[in-house]
Amino acid sequence: MSATSAFPRRGSALGRLTRTELRLFVREKAGPAFAIGLPLALLTVFGNIPYYRRHEVDGTPLLDLYVPILAAFVLATLAFNWLPAVLAGYREKGVLRRLRTTPVGPARVLAAQLLVALATAAVAVTALLLVARLAFGVPLPRQPYGYAAALVLAALALMAVGLFVAAAAPHGRAANAVGATLFYVMMFFAGLFLPIAAMPPLLQHISRAAPLGAAAQALTDAAGGRWPHPLQLITLTAYAVAFCAGAIRLFRWE
């Protein structure tokens, strides 16, 4: 089904485009399964390993520390593995060229993808937090407003980077390669493979400056009851503004 077909007759251009993209995303099934199912599967694996439930870092069970990282994992999956591939694929298939004849505009095309990704992230993170609480006794974020603020800014920052990759990549293969590389590099600095506290000082500084590292630390702070550090929120905001502007500037229809 083409992204240019089956627009509902009512609503704004952005609303019609967003609803169409959401239907396509759900119909593909692989996207929701990967973005929602994989983090839950990892949580289940970690939660059933006694080491993660018994070992503590500064009095906090290791599993509790991994839940914010898995929330960041959700955002990274959508931003680096889904967004670039979809938009670059649309460009190669000529979908974007056909959209060029409509009053949609590049900003709305990018915004529709962003809204679908944000909605998926909200569902995935909510499911992650509920399963962690109900199945493994992990407390819900003790600073919910700070957690929500960090999650929104992290999502905007990471999606902006993904949109930038999609806009700049010459073809789908390049978008997939760059997105996958960014995913693993960013997840390293988020602490998935090595806790940030165990990294050498230089890597810790890089982690704080990286978008996913800043996101993971902001979510961890809020989960523990502390408001995220202002520098983390400023870092995420800067990434969101800079890369979103770059994605719009570099956007190509074909």
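Reply: Let's start with Leu17, which counts as buried because its relative accessibility is 2%. Here, buried means under 20% relative accessible area, exposed means over 50%, and partly exposed is in between, using a 1.4 Å probe and protein chains only. Before going on, note that this is a predicted model: local features need pLDDT of at least 70 and side-chain atom pairs count only at pLDDT 80 or more, while totals for chains, interfaces and linings use all residues. Residues are numbered from 1 along each chain as its sequence is written, and side-chain values use heavy atoms, with hydrogens and water left out.

Leu17 sits in helix H1. Helices are DSSP runs of H or I with at least four residues, strands are runs of E with at least two, and both are numbered from the N terminus. H1 covers residues 13–28, so 16 residues, and spans 23 Å from first C-alpha to last, close to the 22 Å expected at 1.5 Å a residue (that expectation is 1.5 Å times one less than the number of residues). Along the chain, Ala111 is 94 residues away from Leu17, yet their C-alpha atoms are separated by 9.3 Å.

You'll find Leu78 in helix H4, residues 62–93, and at 1% relative accessibility Leu78 counts as buried. Its C-alpha is 7.7 Å from that of Ala121, which lies 43 residues away along the chain.

Now for the rings. Rings of Phe, Tyr and Trp (its six-membered ring) pair if their centres lie within 6.5 Å; planes under 30 degrees apart are stacked, over 60 edge-to-face, and the rest tilted. That rule gives nine aromatic pairs. In one of them, Phe46 and Tyr52 have ring centres 4.8 Å apart and planes at 35 degrees, so the pair is tilted. Both partners are tucked away: Phe46 is buried at 13%, and Tyr52 is buried at 16%. Phe183 and Tyr184 make an edge-to-face pair, 5.2 Å centre to centre with 80 degrees between the planes. In this pair Phe183 is buried at 5%, whereas Tyr184 is exposed at 52%. Ring pairs also join Phe46, Tyr51, Tyr52 and Tyr66 into a cluster.

Tyr51 turns up again on the surface, where Val45, Ile49 and Tyr51 form a nonpolar patch with about 270 Å² of accessible area together. Ile49 is in the loop between helix H2 (30–47) and helix H3 (50–54), and its 32% relative accessibility makes it partly exposed.

Stepping back, the protein chain has 11 helices and two strands. From the N terminus on, the order is α-α-α-β-β-α-α-α-α-α-α-α-α. Its C-alpha atoms fill a box of roughly 60 × 35 × 30 Å along the principal axes, and 48% of the 254 residues count as buried.

Methods: Patches are made of residues with over 30% relative accessible area and no salt bridge: like charges are joined within 9 Å, nonpolar side chains (Val, Leu, Ile, Met, Phe, Trp, Tyr) within 5 Å. Accessible areas come from the Shrake-Rupley method with a 1.4 Å probe; for residues, only the protein chains shown count as cover. A salt bridge is a side-chain nitrogen of Lys or Arg within 4 Å of a carboxyl oxygen of Asp or Glu.
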